[in-house]
Amino acid sequence: MTADMPPPVPATSGRRIFECPECGLRQALGTLAPGSTAKCGRCGATLLSIPENSLQRSLALVLTGLILLAIAITAPFMSLTIEGRFQEANLITGALALWDQGLWELAIVVLLTTVVAPLLTLGALCYVLVGLRLPRPPSDVPVVFRWLEFLHPWSMIEVYLLGVFVAYVKLIAFATVDVGVACYALGFLMLIMVAIDFELSPELVWREMERRGLAKPPPAQRGGALLLCETCGLTAPVGERGSACPRCGAARHLRKPNSVTRTWALVITAMILYVPANLYPVMTVVMFGQGEPNTILGGVKELLGSGMWPLALLVFFASITVPALKILGLILLLLTTQQGSRWRLRDRTVLYRIVESVGRWSMIDIFMLSILAGLVQLGAIATIEPGVGAISFCAVVIITMFAAASFDPRLMWDSAGANR
Ligand SMILES: [Zn+2]
Ligand SMILES: [Zn+2]
């Protein structure tokens, strides 16, 4: 799919042109007052947000987050007592148990999303925000900040906590469960991460880097072709450096390259894997020598059978409905884009936003599994073994996340002729 180059926008004094990352509309914005946010006039996406004291508040939140994460990693997470046997787990035990049982793919995903990505995100943010306060800021601050953009979606503390909750409810049915300090630390860390998303304005960090001489100030938008940098959000002329962003150096494209083909390939792969993910068992629970393998739907039925229907609904929604709706939603977006449909463009952009943000919640089942596998290893009394279905399921979740990221919603507006 090729997109027509939008016409040059005339230069405006004191205002800058911003391209909407979700519909491609170019609009001029004046200086925003602290505490205000500018939204796209056509699709409602956030164009620019300028929270008050963004950098100071973010630094305070990041430092608190690092302390909480250190507690969450080192302190006991949950302990289990059943028939006089005691088992304790921390944040890393679950991943290790999956590794021991040969499911190294799952072990890596759980470790990356619950420990490595949050640690790298908070560590890198700390480096950038402290670096910018030093008399001589380190020259690699812009590079570190650029990489944060890629790390961010893989930090899944909030989803993990919901997995913890489901595991907890399953366990208290047959054992005494004690929630450890790490669990509370993780709860507070989740709130801190949400607050950082709210307080930290990437645009203000880039402007501070410009002020400190770490990044070049954006060149004037004197007519001619403009390009949006999806990494730092700057809309700037094509310039001598060709497609590279003049501010952060990332490669820029008019639209995400091969977006439609790539998204189709990922969606089809996810559809194929959706079958084994639901047919094969995700885990086997053996209690006092008895038990049989359970599929995802089997797990939901079991929750229903024991009267825990709110939880059954939650797991059904997160594990079965969300992946299916994501796949169907992406197919709808792809087909309407290829047909150049003008039907409900704004609603389709909102659908894209939902598909992109909701996918991570399907990881609840995988996280619950890692907690159960780490905690319930009590020999003859009770064991929980993860099954192969869990690998396909985890692959569906990750592949649909990549599919949503490779789709460029601006193409819907281009193909409908709205960006001419
Ligand atoms: Zn827009
Ligand atoms: Zn950039």
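Predicted model: local features only at pLDDT ≥ 70, side-chain atom pairs only at ≥ 80, totals over all residues.

Colleague: Got it. How does the lining of the second largest cavity divide by class?

Modeller: Seven of its residues are nonpolar, four are polar and none is charged. Among those lining the second largest cavity are Phe77, Leu91, Tyr160 and Ile371, along with Asn90 and Ser370. This cavity holds about 50 Å³ of space.

Colleague: Which element gives the largest share of that lining?

Modeller: That's H12, with four residues. On the domain level, domain 2 (52-215) and domain 3 (257-420) each supply at least three residues to the lining of the second largest cavity.

Colleague: And how many cavities of 30 Å³ or more are there?

Modeller: Two. By class, the largest cavity has 11 nonpolar, three polar and two charged residues around it.

Colleague: Now pockets. How do I tell one from a cavity?

Modeller: In a cavity a 1.4 Å probe fits but cannot get out, whereas a pocket is open. Take the second largest pocket here, with a volume of about 330 Å³. Of its 17 lining residues, Lys170, Ala173, Phe174, Val285 and Glu302 lie nearest the centre.

Colleague: Why does the second largest pocket lie between domain 2 and domain 3?

Modeller: Because both domain 2 (52-215) and domain 3 (257-420) give residues to its lining. As for elements, helix H5 (157-171), strand S10 (283-287), strand S11 (293-294) and helix H9 (296-305) each contribute at least two residues. S10 gives the most, three residues. The lining of this pocket splits into 11 nonpolar, three polar and three charged residues.

Colleague: Last one: what about the chain as a whole?

Modeller: The chain has 14 helices and 12 strands. Its radius of gyration is 24 Å, close to the 22 Å the globule rule gives for 420 residues, so the chain is as compact as a globular protein of that length. Buried residues account for 51% of the 420, and the C-alpha trace spans about 75 × 55 × 30 Å along its principal axes.

Definitions and conventions. Residues numbered from 1 in each chain as written. Chains lettered and ligands numbered in written order. Heavy atoms only, no water. 1 Å grid on protein atoms, 1.4 Å probe; cavity = no way out; pocket = protein on both sides within 12 Å on 5 of 7 lines; lining within 4 Å. Points joined across faces, edges and corners; volume = space filled by probe spheres on them. Nonpolar A, V, L, I, M, F, W, Y, C, P; charged D, E, K, R; others polar. Domains from an automatic or database assignment. Rg over C-alpha atoms; globule rule 2.2 N^0.38 Å. Buried < 20%, exposed > 50% of the residue type's maximum accessible area, 1.4 Å probe, protein only.
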